Structures are given as structure tokens and as C-alpha cells.
Amino acid sequence: MEGVIDSVTRDLLTRSPGFDWTVTEFVRVVDARLPPRVFHKHCPELTQARVATPSGVPVHLQLLGSDTRALATNARQALALGAISIDLNFGCPAKIVNRHDGGASLLRHPERVFAAVKAVSDAIDGEIPVTAKIRLGFADRRQALHCALAAQSAGARQLVVHGRTREEGYRPPAHWDWIGKIRHRLDIPVVANGDIWTLEDYWRARSLSGCKDVMLGRGALADPWLAPRIRHWLTTGERLAPTTWEMQADVLHQYATIQRRTLPPKIVVSLVKQWLAQMRQRGGEAEVRFQKLKRITDLDTLLDALLLPRSNQEHEQRVVKEPTTEQPHHSERAFC
Ligand SMILES: Cc1cc2nc3c(=O)[nH]c(=O)nc-3n(C[C@H](O)[C@H](O)[C@H](O)COP(=O)(O)O)c2cc1C
């Protein structure tokens, strides 16, 4: 996730088993071949023997662009640098990106999705997999299936579908049933994405889409134990205890400790607040702490305040968003 998930975040989120693979922030391709340093910045894991997080979870490299020749050239460049897979982004809704003909803007013309995937597949020539990520469309869902089929017939080996159009931005709900319509028509694996914040959401996304796999975005930042929670439940049928504030604070602390080795304290302060802002989306103590910490500018003060035990009074004031009452039952796994 651009500006939010970097190699340090990937490392921290994959320390407990849960994720099968991760994807870099998008590398923006315009018209030229990008120098190796751009790829290494987005994917420092390329410099290691295995392009994976320290705990061994593979890292896929994502490109975003529309110029087929430049995409092909940069896919070859990524391959030469050791990329193990190329993912193409057709989902980014940012105005600046769409104005320059990138991300979700290509979803208006399925033939352009086809051309981009084909150019990269041809350039890579089967040496590593090419995958794609789409939304359900730009303004509406009329082209959703056409875009998915275009990606498949151009050579994509897997398709992630974020269950919203570009116009829907990040407004709930994500239409998991629509992802199911696409999955039903495709032969390649389809991965469901959008609005999976809890184990219950995971279950409903799987049930409505029929997808075996899901992609987690903001939900994994809000609760770094969401993927391990899902994995644990799938393998044992038991639920992990809810994530506490102390667990979230510990992750933020580790994050800051690693980031401050290479980044100025001021930047680390904003990065920590940015992650805390994702955590507060689920309410609870993270929301209370965010309100208390948002004006702190000194890194050490911020870190001390994160670890401060909460007083009884704070505890009572806690904002708790109730999780959905629908509970997954392990025995329902039959449909897997
Ligand atoms: C700040 C931010 C940055 C994102 N950057 C990327 C990106 O670089 N590549 C990508 O494929 N999706 C990106 N996304 C989209 C997410 O991967 C995901 O599709 C979307 O947030 C819906 O899933 P979620 O509800 O689990 O977050 C980004 C989303 C956000 C909020």
C-alpha cells in the first residue's frame, strides 16, 4: 500500500504465520526504464537471496502504468533485478494517478487492461508469474467481467479483485458477491479484497465471493494479528484472544525502533502516527491514544506515551466499536 506499507511493515506483519505472500507499493512506470535504485527503494528484499520478508513470506513487485512499452521494459528490468513475480495495478483511484492514465483509469477500456498485461507477459515470457489487481470498474460495474477476462486472456496467472468501483473509493460496502460473479467465470485463481477487518468479515467475504484466498489491506494494519487470527482459526478451529492495545503499542514501538536506524526522528513520528491512525479506525484504545498523542512531535516522548499503562479513567472512556455479531463456525468450513 503506497506510502503505508514498506519493507519494515511487511517484516512486522509477517512475523507470526498468517500471510502467504505480500506485495510492494506500486512502482510508477511512465515512459522510461527506471533505474535499479527505484526498484530497490520499493522492494529492498530484491537485494536478498530470497525475495521475501525475514520470516520467509514472498514479496511480489507491483507496477502501475499504461504505456505498454514502458511496462514491458520495466518488467524486464524487475526480472533482471531478481523479482519473483510482477503484479499490475489497475485499482489505484488517486486523481493524480488516474489523470495521468494509470491505475483504475484503464478499467474504462478492457482492451487496455489486456494490452498492459499482454505486454508484460510477453516481456517476461513465462520466467516469473504476472498477476493483476482490479477494482469492479471505474464509474460503474458494467466492465468488471470484461476487465477480469481481459487480464486472464492476456496471461495473468492470478487476479485480485477489490470489490468496489473507482467512484466508490473506499466507501463501504465492498461487493464481495460481485467478486464471486467474476470468480465464477474465470479459470485463474481470484482473490477477494476489500473491507476485511475481522474474522467474521473474512468468513463473509469468503462465503459471498466463493474465493479461497483473500487479500488484507487496512484491516491488517488496524489489527496486525488479523492474518494470524484467520490462519489460527482455519488450522485449529479456535479463536485467538482479541488484540489488546499493549500488543498494538508493541508493534508501533518495534516499527519506530527499526525505522529510526535510517530515518530522521521527525519522519518516524509521522510514520508511527500514520499507522496509529489506521489502528484507530477500529476504535478502542488506539482511538483514545491517537487523540492524546497526535500533537506530540518528539519521537521519544511519543514512544513513552505509547507504552504508558492506561489509567482506570482512560479505560472507562474507551471508545469500543462492537464487532459484528455474526460468528463464523469452524464446522462451516465445508465449502472450502
Ligand atoms: C493508503 C493506501 C495505499 C494503497 N496503495 C496501494 C498500492 O500501492 N497498490 C495496490 O494494489 N493497492 C493499494 N491500495 C489498495 C489496497 O491494497 C486495497 O485494495 C484496498 O485498501 C481495499 O482493501 P482493504 O479494505 O483491505 O484495505 C492502497 C490503499 C490505501 C488505503
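In what sense do S2 and strand S3 (residues 86-90) pair, and over how many bridges? The structure is a predicted model, in which local features need pLDDT of at least 70 and side-chain atom pairs count only at pLDDT 80 or more, whereas totals for chains, interfaces and linings use all residues. Residues are numbered from 1 along each chain as its sequence is written, and side-chain values use heavy atoms, with hydrogens and water left out.

S2 and S3 pair in the parallel sense over 3 bridges, two strands being taken to pair if DSSP finds at least two bridges between them; helices (H or I, at least four residues) and strands (E, at least two) are DSSP runs numbered from the N terminus. Within this pairing, Leu 61 stands opposite Ile 86 in S3, and S2, helix H3 (residues 68-80) and S3 make up a right-handed β-α-β unit, where right-handed denotes that, with the strands pointing away from the viewer, the path from the first strand over the helix to the second runs clockwise. S2 also pairs in the parallel sense with strand S1 (residues 22-28), over 5 bridges, and Gln 62 in S2 is the bridge partner of Phe 26. The chain passes from S1 through helix H2 (residues 36-42) to S2 in a β-α-β crossover that is right-handed.

Strand S2 (residues 59-64) is mostly covered, as 6 of its 6 residues are buried, that is, under 20% relative accessible area, with exposed being over 50% and partly exposed in between (1.4 Å probe, protein chains only). This cover extends to both faces of S2, with Val 59, Leu 61 and Leu 63 buried on one side and His 60, Gln 62 and Leu 64 buried on the other.

Gln 62 is also among the closest of the 17 residues that surround the ligand, together with Glu 2, Asn 193, Asp 195 and Arg 218. An oxygen atom of the ligand is 2.6 Å from an N or O atom in the side chain of Asn 193, and an oxygen atom of the ligand is 2.8 Å from an N or O atom in the side chain of Lys 133.

His 175 is found in the loop between strand S5 (159-165) and helix H7 (176-185), and His 175 is buried, with a relative accessible area of 14%. The side chain of His 175 makes a polar contact (a pair of N or O atoms within 3.5 Å; within protein, one must be able to donate a hydrogen and the other to accept it, and residues adjacent in sequence count only if both atoms are side-chain atoms) with the side chain of Arg 141, at 2.9 Å.

Technical notes
Near = heavy atom within 4 Å.
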